[in-house]
Number of protein chains: 2
Amino acid sequence: MSDKHLSTQFDNELSGISSRVLEMGGLVEAQVAQAVQALAAFDGELAAQVLREEERVNQMEVEIDRDLSTIIARRQPTARDLRLLIAVSKAIANLERVGDEAARIARAVDKLIASGLPSRLRLPVGDLRFESELAIASLRRALDAFARLDTQQALEVLKHDDQIDAEFDGLLRKLVTYMMEDPRTISSSIDLVFVAKAIERVGDHAKNLAEAVIYVVKGTDVRHHTVQAVEDAVK
Amino acid sequence: MSDKHLSTQFDNELSGISSRVLEMGGLVEAQVAQAVQALAAFDGELAAQVLREEERVNQMEVEIDRDLSTIIARRQPTARDLRLLIAVSKAIANLERVGDEAARIARAVDKLIASGLPSRLRLPVGDLRFESELAIASLRRALDAFARLDTQQALEVLKHDDQIDAEFDGLLRKLVTYMMEDPRTISSSIDLVFVAKAIERVGDHAKNLAEAVIYVVKGTDVRHHTVQAVEDAVK
């Protein structure tokens, strides 16, 4: 068994599928940014656009998955090629879930527009924006790592995940304080809690993607490892 | 290309891997039940046990995934066998996430034990128990469907998912009312909101598992389809 490809055609198929994963990644990254922008600007039309694009993301997942099965059945890949295809399957499941999180944020925006956001909740919305910038940066870095099969970049994603979690915890505490001070803000604050949670999960999906990159390159499954153990694995 | 297996050995490998998926499924199902029981009984030791088992579930996911890659590389399966292996890969990712939800509930129990649950929140805890019974029943049915590759059972899981979502919505509304009536319950109520959300997601994972069963048997990817469209597909 050789790690070399039998044909340039197969190489093309692999790079074709990788480009589509990156395209899908770019799309969901934009969706998250738009959903948070819709929240900050209270823009119902932008939220609606995020929801419309969900369909397209779902479609991409189904199509890429179908092509993956066809390639595996026809090319019978082994070693790194097989790992790449398995990683693609996991990557697109994660990206689809990023799209779901964006849709959750967009639906929360709709609810908040309908109920009216109490003016004192403007401040936590600013914090949410910061949390989303961290998560989007993490996702972009994971996609970059995937594009170049760069384990160092992947490792950086894993290292920074704690920061997003800490941001979420701080935001949650702050929202609880607002709710206690003024119970009229409770309902809207809960919506913001779910937005904060959705953003935190975008960070988790980026982390999963980064772990898939390490699996392709190193053949080591580093899920559920500590960051230190992963550092040793990618050395 | 034939759908027949080349060897009884391969048959054994496939049925071996299916049994391990079911074993993993039984384990995470028990974890969710224990986590909710820990909440109802305010039992910190039981919550700790759920957290200890998380490690074992993670380990099972990694091992089954590794064996899957080996089987695909060595047996080069096609058609239904390949679909089964791909479905197993998706199934265990979902089951691992069910384990994560159980761990989330267990950690919320720890927090609630530390902070003390206001007595007026006893009632929503009863509702959470009901929500968890629906979700666990759904998960069990999805695992049954997987064991027997039974698309009708799988369809039943998809049909009942709305019920769990409705239960979650009702619970959320109720918790918001409690928070408004007595702001001292806010922090604990938020913990219960996350528990309710975790349970609702167990239902989502059961749904994903059911969709994987339909994919194996029918070769149709029914994700993102309406229940009506899925009914037509499994006819």
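Two notes on conventions first. Residues are numbered from 1 along each chain as its sequence is written, while chains are lettered from A and ligands numbered from 1 in the order in which they are written. Because the model is predicted, local features need pLDDT of at least 70 and side-chain atom pairs count only at pLDDT 80 or more, whereas totals for chains, interfaces and linings use all residues; side-chain values use heavy atoms, with hydrogens and water left out.

Chain A brings 35 residues to the contact and chain B brings 35 residues, with contact meaning heavy atoms within 4.5 Å. The size of an interface is often given as the accessible area lost when the parts come together. Here the two chains bury about 3,100 Å² between them, and 61% of that lies on carbon and sulfur atoms. (Buried area is the accessible area, taken with a 1.4 Å probe, that two parts lose on being put together, summed over both.) On the chain A side, Phe194(A), Arg201(A) and His224(A) account for 17% of the area buried against chain B, more than any other three residues.

The polar side of this interface deserves a look too. There are twelve residue pairs in polar contact between chain A and chain B, with both residues at pLDDT 80 or more. Helices here are DSSP runs (H or I, at least four residues), numbered from the N terminus. By class, that side of chain A has 17 nonpolar, seven polar and eleven charged residues. (Ala, Val, Leu, Ile, Met, Phe, Trp, Tyr, Cys and Pro count as nonpolar, Asp, Glu, Lys and Arg as charged, and the others, Gly among them, as polar.)

Side chains of opposite charge can pair when their charged atoms come close. Across the interface there are six salt bridges, each a side-chain nitrogen of Lys or Arg within 4 Å of a carboxyl oxygen of Asp or Glu. In one of them, Arg223(B) pairs with Asp65(A), with the closest N and O atoms 2.9 Å apart. Both residues belong to a salt-bridge network that also includes Glu61(A), Lys90(B) and Asp221(B).

The largest nonpolar core has 165 residues, and Met179(A) and Met179(B) have the most contacts inside it. (Such a core is a set of buried Ala, Val, Leu, Ile, Met, Phe, Trp, Tyr and Cys residues joined through side-chain atoms within 4.5 Å.) Helix 6 of chain A gives the largest share of this core, 18 residues. Leaving aside neighbours within four places in sequence, Met179(B) touches residues including Met179(A), Ile186(A) and Ile190(A).

Ser189(A) sits in helix 6 of chain A and is buried, because its relative accessibility is 0%. (Buried means under 20% relative accessible area, exposed over 50%, partly exposed in between, with a 1.4 Å probe and protein chains only.) Beyond four places in sequence, Ser189(A) contacts Leu121(A), Leu175(A) and Met179(A). Leu121(A) lies in the loop between helix 3 and helix 4 (122-148) of chain A, and is likewise buried at 0%.

Finally, the structure holds 42 salt bridges over all chains. Arg75(A) and Glu13(A) form one of them, at 2.9 Å from N to O; this pair links helix 2 to helix 1 (residues 8-41) of chain A, 62 residues apart. Arg75(A) is partly exposed at 25%, whereas Glu13(A) is buried at 14%. Asp182(A) and Arg120(A) also pair, with closest N and O atoms 3.9 Å apart.

Technical notes
A polar contact is a pair of N or O atoms within 3.5 Å; within protein, one must be able to donate a hydrogen and the other to accept it, and residues adjacent in sequence count only if both atoms are side-chain atoms. Helices (H or I, at least four residues) and strands (E, at least two) are DSSP runs, numbered from the N terminus.
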